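Please read the numbered points with the sequence and the model in view.

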Amino acid sequence: MYMVNVAILGFGTVGSGVAEVMEENAVSIAHNALEDIRVKRIVDIRDIEDGHFSKMQTKDFSVVENDPDIKIVVETIGGVGVAYDYTKRSLLAGKSVVTSNKELVAKHGHELLSIAKEKNVNYLFEASVGGGIPIIRPITQCLTANELDEVYGILNGTTNYILTRMVQGNVSFEEVLHEAQRLGYAEADPTADVDGHDAARKICILADLCFGKSVDPDRISVQGIRGVTAEDVEYARRLGYKIKLLGRAYRLDEEHITAYVAPHLISKTSLLSNVDGVMNGIVVHGNALGEAMFYGAGAGKRPTASAVVADVIDAAKHMLARKYLGWDESEPDYVVDAADIRMRWYVRTGSGLEEIGRAFGNVRLISYPGEYPGAGPDEYAFATEPITGRELQKRLSGMEVRSLFRILG
Ligand code: HSE
């Protein structure tokens, strides 16, 4: 059998998982790829402890760049600095690149895919969204008969884990966050998870693929979960809802879409409400399909490695046949601000009943003062009728707003 040589750039959680899975499953991988595939080099600036893998280590990327026998490069460095430079140089050197790096794909996917096209190689990123869940291939292959009009879901394992533990009760936000980091779900810098940026990158990649034009993660509205309190979780429960961080993108008309990330109250009867812990769930809506949900392990070393290695196998099988993946540049007004979209809202305020009445008329109250330990004397939570975020802000001006979340369904 022919031997396909692979280099791994970045031997962190995902990179080491990729090396392990490739060694452990070498026989079935060779069977599936119809070629032997092996890791020839690992690039990392930190010393690799493991004796077996340390033999493959180099700290110099140009060793990989200049090795014509290395046909596939796995980029698991993360970020948009060195990872961007090495990815570009690998593609320009005629090597296919496989990655789990959602930030790089979301920010520079259009350019990197164009270089891959020019060089007739592949740039594959199944692991960048939903960890081990197949979602990029379903969208770009299995669902191409559809006009896709909506994609949304729970796209971040760390925050879903934290919210799930908050629902179960008795665990502080910090404790759960440390637990998630120990388990390898959270990024080294958890702000990207907790403040919604990780989910933003993922929903932008999904929107790029579903709707065919580039959506910049730095230009969509992003709200994380820091503001979700135990009270909100309890009040949502009374309404028959759970609080979940969703990334959502949908088509408004031929020329416009909207995309955003925010905590939502979602009905306990919806499929997504049972997506708990580190699991992710992604719903895609198409005009022929109706709805499909993709569910599974959305983060973690081995689930992510599972998707990366599958891309390596795919790249090995398509050495001379580029897979069609890509999207166009978008016009400046392509993405409509999420604040202009009508939704129902959950509001928790310390401003008292009279002010609520003046701003919103009769509303459905969810809580009364003093019901929740620690809630002040004027605290009320209520649900609004459908209203744009912009209009909501106007009505709330001058009021003391404690929490504000969208209601879905
Ligand atoms: N930190 C990410 C998460 C890892 O928690 O979902 C997977 O992208």
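**Notes on the predicted model**

1. Phenylalanine 125 is in contact (heavy atoms within 4.5 Å) with Thr99, Val105, Leu113, Ile136, Ile205, Leu209, Asp311, Leu325 and Trp327, leaving aside residues up to four places away in sequence. The model is a predicted one, in which local features need pLDDT of at least 70, side-chain atom pairs count only at pLDDT 80 or more, and totals for chains, interfaces and linings use all residues. Residues are numbered from 1 along each chain as its sequence is written, and side-chain values use heavy atoms, with hydrogens and water left out.

2. Phe125 also belongs, with Ile37 and Tyr123, to the residues that have the most contacts inside the largest nonpolar core, a set of 115 residues. A nonpolar core is here a set of buried Ala, Val, Leu, Ile, Met, Phe, Trp, Tyr and Cys residues joined through side-chain atoms within 4.5 Å. Buried means under 20% relative accessible area, exposed means over 50%, and partly exposed lies in between (1.4 Å probe, protein chains only). Helix H11 (residues 197-211) supplies the largest share of this core, 10 residues. Another core of 24 residues lies apart from it, and includes Ala262, Phe382, Ile387 and Met399. In soluble globular proteins, nonpolar side chains tend to be buried together.

3. The next point concerns a sheet. Six strands make up an open sheet with parallel pairing, in the order S3-S2-S1-S4-S5-S6. Strands (E, at least two residues) and helices (H or I, at least four) are DSSP runs numbered from the N terminus, and two strands pair if DSSP finds at least two bridges between them. Strand S3 (57-58) and S6 are the edge strands, each pairing on one side only.

4. Within this sheet, strand S1 (residues 3-9) is mostly covered, with six of its seven residues buried. Seven bridges join S1 to S2 in the parallel sense. Along this pairing, methionine 3 has aspartate 36 of S2 as its bridge partner, while valine 4 stands opposite isoleucine 37. S1 also pairs with strand S4 (residues 70-75), again in the parallel sense, over five bridges; there alanine 7 faces valine 73.

5. S9 and S10 form a hairpin, with five residues between them. Arginine 248 of S9 is the bridge partner of tyrosine 152, and arginine 248 is also partnered by tyrosine 260 in S10.

6. Helix H1 (residues 13-24) and helix H13 (residues 301-317) have axes that come within 8 Å and cross at roughly 65 degrees. Axes are lines fitted to C-alpha atoms, for helices over the stretch in contact, and angles run from 0 to 180 degrees between N-to-C directions. On the H1 side the contact involves residues including Val14, Val18, Val21 and Met22, and on the H13 side residues including Ala305, Val308, Val309 and Val312. The residues of this contact divide into eight nonpolar, four polar and four charged. In this division Ala, Val, Leu, Ile, Met, Phe, Trp, Tyr, Cys and Pro count as nonpolar, Asp, Glu, Lys and Arg as charged, and the others, Gly among them, as polar.

7. Leucine 34 has a positive phi of about 65 degrees although it is not a glycine; it lies in the loop between helix H2 (26-33) and strand S2 (36-43). Is leucine 34 buried or exposed? Leucine 34 counts as exposed, because its relative accessibility is 63%. Asparagine 120, likewise not a glycine, has a positive phi near 55 degrees and is located in the loop between helix H6 (102-118) and strand S6 (123-124). With a relative accessible area of 39%, asparagine 120 is partly exposed.

8. Finally, tyrosine 380 is found in strand S16 (residues 380-383) and is buried, at a relative accessible area of 10%. Among the residues that tyrosine 380 touches are Val347, Arg348, Leu353, Ile356, Leu365 and Tyr368. Its C-alpha atom is separated by 35 Å from that of tyrosine 185, a residue 195 positions away along the chain.
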